[in-house]
Amino acid sequence: MKFRANLWIGGALFATVVVGGAFAPWLAHTDPVMDANLMNAEVPPGAEFWFGTDAQGRDIYSRVLYGARIPLTVGIVSQLINTVIGVALGMSAGYFGGWWDDVVNGLTNLMLSIPSLIFALAIMAILQPGLTSLLIALGLTNWSYTCRLSRAATLSVKQQGYVEAARSFGSGSTRIMLTQILPNIAGPIIVIGTLGMGGAVLAEAALSFLGLGIRPPFPSWGSMLSDARDQITTAPWISIFPGLAIFMTVLGLNLLGDGLRDILDPHSQLRQA
Amino acid sequence: MLKKLIFTTAVTLAAFTLHSQAQEPRRGGTIRFTAPYATSFVSNDSHVSNSVQDEIYGYALHRSLYKWDSVNNKPVLELAKSVSTSADGLVHTFKLRDDALFHNGRKMTADDIIWSYTRLMDASKNYPGAAFIRRIKGALDVQNGTAKEISGLKKIDDFTLEISLIEKGEPGFLFRTATTSIFPAKEAQDPNFFNKPIGLGPFKFVEHIPGSRMVFERWEKFYVAGKPYADKLVISPMGEAAARDVAFRNKEIDVSILGPTQYVAYQADANLKKGILEVAEVFTRNMGMNPTHKPFSDKRVRQAINHAIDSDLIISRLVRNKAYRATSWLPLSSPAYDKALKPYAFDPERAKKLLAEAGYPDGFEFEWTASPNESWGIPIVEATIPMLAKVGIKVKVKPVEGSALGGIIAKGDFQAYIWSNTSGPDPLTQMKCFHSKTPRSSCNYTTFSHPEVDKLIDEAGATDDLAKRNEILKKANAILYEEAPVWFFNYNKAVLAHQPWLRGLQPNATELALQYYEDLWVDETSPAAK
Amino acid sequence: MLPYVVRRLLQAVPILLAVAGLIFVMFSVIPGDFASTQMADGRTVVDAEQVARMNTQFGLDDPVHVRFAKYIGKLMTLDLGTSFRTRQPVINSLLERIWPSLQLAMAAMLFAIVIGVPLGFLAALKPGGWLDMQSMIVAVSGLSLPQFWLGLMLMYGFALILGWFPSFGYGDGSPRYLVLPAVALGVAPLALLARTTRAAVLEVMNADFVRTARAKGNSEVRVMRWHVARNAAVIVLTTLGLQFGSIMGGAVVIEKLFAWPGIGSLLVDSVSLRDIPVVQACILLLVLFFLIVNIIVDVLCALIDPRIKYT
């Protein structure tokens, strides 16, 4: 197998971010909230503060590390929810057809018609800001691609011999779907999931940027960017580092997704993705 | 060295001021103003909205009975030449201007004022100006539908109007804002009036591109001879501070209101520094505490909070000295400001002791409702969190949208909030917010109740002697300090940056972004001087 | 084709109803109503009685389902209601915003297509190569920059430092004012477009009919031009259609930043003032736009690729 640069670089970037977030308490120099010292406000990057400090005098390096936790949790968990919903709806719709297929199609169209950020905004406005709300808002709004894909794949797999065979042996529908169909569509779904995770990280940043993320003062890259909006020219480091962190994560996930696609799915069926 | 620097700056400043005073105002050119707050203009109808944004254009298009004299800090007659007041202080007789022309050339008479005020009381419309007009006798009957006309408004002749109020007070505080501006009685009923509004102001309406700009041109027959100076006026709503900053540095706009970050940046820039206008505005930034949250019902806890937060540090480092430390409620520019009061000292030890006395030796936790505002919102709360933690108080931030904050507070749906409230210009009106009879929804947000304060406010209201009244209010203000219903954070220092070619700006302490455009002029160095 | 279009349009009705319902639920749950937003400035006192009076005036006292039923009833007669803030018919506020909004959305689209599609093609020529990697980095940077940020950077760079364009406003409607907001808005769809183009081209190049064409001895250029371009166009068009929604959504931030008089900035103001009829109308209009654009995309796809059939 040839060396796949995108897979390895992507994987390394993503792993770096995950390690940074997971081991933040050991890697960070200070507490991200309590160790604020207004006398040290807006110190440029240097030996003491690697990434400088923000307007509150907090160490940006430590905040960027801790700030990984929310986007990563939200990215991974919400994408899992999306995948489960999308696969369950899409596969069952493709497998059973009939009125259920119509209902699922209608729902998918509805989800596709409303810009998902507006949908997420509505959910965040209704629930109180917080991690659970973020998971719900982003976990319920991005399953339509997965759903369409699983449905299409199920339709094409359904006709093939081995599914017919399984059915004639008397296997139940759920069993057939899980053992015969799911493994066949797993590749594209993992790819979509990886790419979607990048999307969720961005969506979290956008929501936090609009003040609808988690409660301050716990850091999240999006809210760090938002807080620094007026200091872009006077203290650019406050926004550069969380911005870079977002960029690294999303780039890593995208490269990873492409790499996985090349391995898992050489004859891509991702017409829609 | 430093002394020398200060001296040179002072001399330069003095020379600059002298220079600008000496120069004759120049006619012509375009004033490119900005409306610097969140939303764009609400409406073309100044009666409909009380947002500052709309008042900013209202000052160009319309006129009210009174206007605000920014230099002397008091309301003065505008559409009337003189006023006489009856012995009981309730009936005011106005001799109206006979030279005020609407933008279609028709002369304003007493009928227009009566019509405008009556319109404001229309029960089906709920205009915000009704809050002022209902102080006229009989106005409430119109709102309740039992009368068609306001009985307290009497036309003596075309240019004489008698207004009877329900209680004593300076009518100038009631009839000066754009929400009570005078509309042309007949023309305003035309269905097309909304799209082509006319008024008595120094500038005529040209166009409104909602969300982008409002354009005006000089009203040649404005009643002040020789004014306005500029040919044209463009006002752009620009709520985003960073965008305004670029446009200002790019010389596309003539004024900008500065936040703390930009205040520092502009002071550090040799060119921008020359065009900074600072005013101690009548806004008090504070954290209100709800006595229904048990710890806050104890005065010692509230005092402990005032001691535990290092307000001076926050003001100097985070607010960048774009504020004055608050002592009690009434601000620096208030006539009843108490110079003798010293602000709460930063003293965590004392705070701990007070908390222990109140029965909270290990502190307590509360939820703090805050909007994202950089000067009186979440950033300030974030700065206090470590300070309060040191005395054992845990803070949970509850973020809310800026536009929803007021409603939440008025409903009492909070444990603590941080807000910026007007605390002037009239000290009596503002102190009434702490009278136990004032309900929470009408500005007694912390449901403050103290018999001594009630007595003092009532006494002040009954006094006609202004100096004496202010002395009484000072006493009430001192009790507020002691009782600490809020954390007294700061009084706003409003900062307006203007291009060197824009002259005639007024230091308006009620709201610096509100300027009378007829006094503004642009010199020939403006890119829009033609 | 026509029956298909009609059917798609009819499908839009339940979607619009669902969206309207969602907004109603949202505004009945979030704190604040129009009356109390009036006191946001800390200057104005709106006491409980005035709030109650205004809520009655705007019919906010009724339970949500009653209000919703009333609203739908009015909507059937194409009446969008009266704006709380202007006290004027909503349709007036909406109409004057449509053209600037479309101008901006189309300019952003154009920018995304002109740069994004060629970039995707180039990347696909040598998958996994240096150019591919670079285009991916460009695409991802485009996606991970918050639009607000990007807009500000453009202002600094192209208005303040270079002085090529005005930094804000609508001006006299000349294209000079359009450039910066359109670029800020177009970068995210550009990135996605580059990526989809790359994927589409790669996929089509490996497809059987292209291999056949190559085997028949057609030159590489001809293969690219005809088969690949046509087939990729379908995928690119579909992406564009779906991206239209995010362009309209992103306009909310960008229009506000650049003081552009579009629907996005009207929407932001109306949400913050809780002017529910206007919010409703704006979002319904955006969804309707989105649906129509996607129907047009489907029709175009069928015209480009005769193998696509709609029934």
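Reader: What do the elements of chain C look like when they are read from the N terminus on?
Author: In this predicted model, the elements of chain C run α-α-α-α-α-α-α-α-α-α-α-α from the N terminus on, in keeping with a tally of 12 helices and zero strands for chain C. Along the principal axes, the C-alpha atoms of chain C fill a box of roughly 85 × 55 × 35 Å.

Reader: Where in chain B is confidence lowest, and where is it highest?
Author: Chain B has a mean pLDDT of 92, with 96% of its residues at 70 or more, but its lowest confidence falls in helix H1 (residues 2-22) of chain B, with a mean of 46, and its highest in helix H8 (residues 299-308) of chain B, at 97. Over residues 1-20 of chain B the pLDDT is below 50, and beyond near neighbours in sequence this stretch has one contact in the model. Where pLDDT is low, the predicted coordinates should not be read in detail.

Reader: Why are E1 and E8 of chain B said to stand at the edges of their sheet?
Author: The four strands form an open sheet in the order E1-E10-E9-E8 (chain B), with mixed pairing. Strand E1 (30-35) and strand E8 (203-209) of chain B each have a single partner strand, so one side of each is left without a neighbour in the sheet, and that is what places them at the edges. Neighbouring strands of this sheet are turned by 20° against each other on average, direction ignored.

Reader: What describes the way in which H5(A) and H8(A) cross?
Author: Two packed helices are described by the angle between their axes and the distance between the axes. For H5(A) and helix H8 (residues 144-158) of chain A, the axes come within 9 Å and cross at roughly 145°, and the crossing is left-handed. Here A:Val104, A:Thr108, A:Met111 and A:Leu112 in H5(A) meet A:Ser144, A:Cys147 and A:Arg148 in H8(A); by class, this contact has four nonpolar, two polar and one charged residues.

Reader: How many residues of each class are on the side of chain A that touches chain C?
Author: The contact takes 30 residues from chain A and 32 residues from chain C. On the side of chain A, H12(A) gives the most, with six residues, and the residues of this side divide into 22 nonpolar, six polar and two charged.

Reader: How many residues of chain C are in contact with chain B?
Author: Here 48 residues of chain C are in contact with 51 residues of chain B, and the side of chain C divides into 20 nonpolar, 16 polar and 12 charged residues.

Note on methods. Residues numbered from 1 in each chain as written. Chains lettered and ligands numbered in written order. Predicted model: local features only at pLDDT ≥ 70, side-chain atom pairs only at ≥ 80, totals over all residues. Contact = placed C-beta atoms within 7 Å. Helix = DSSP H or I, 4+ residues; strand = E, 2+ residues; numbered from the N terminus. Nonpolar A, V, L, I, M, F, W, Y, C, P; charged D, E, K, R; others polar. Axes fitted to C-alpha atoms, helices over the stretch in contact; angles between N-to-C directions. Left-handed = near helix turned anticlockwise from the far one by under 90°. pLDDT = per-residue confidence, 0-100. Pairing = 2+ DSSP bridges.
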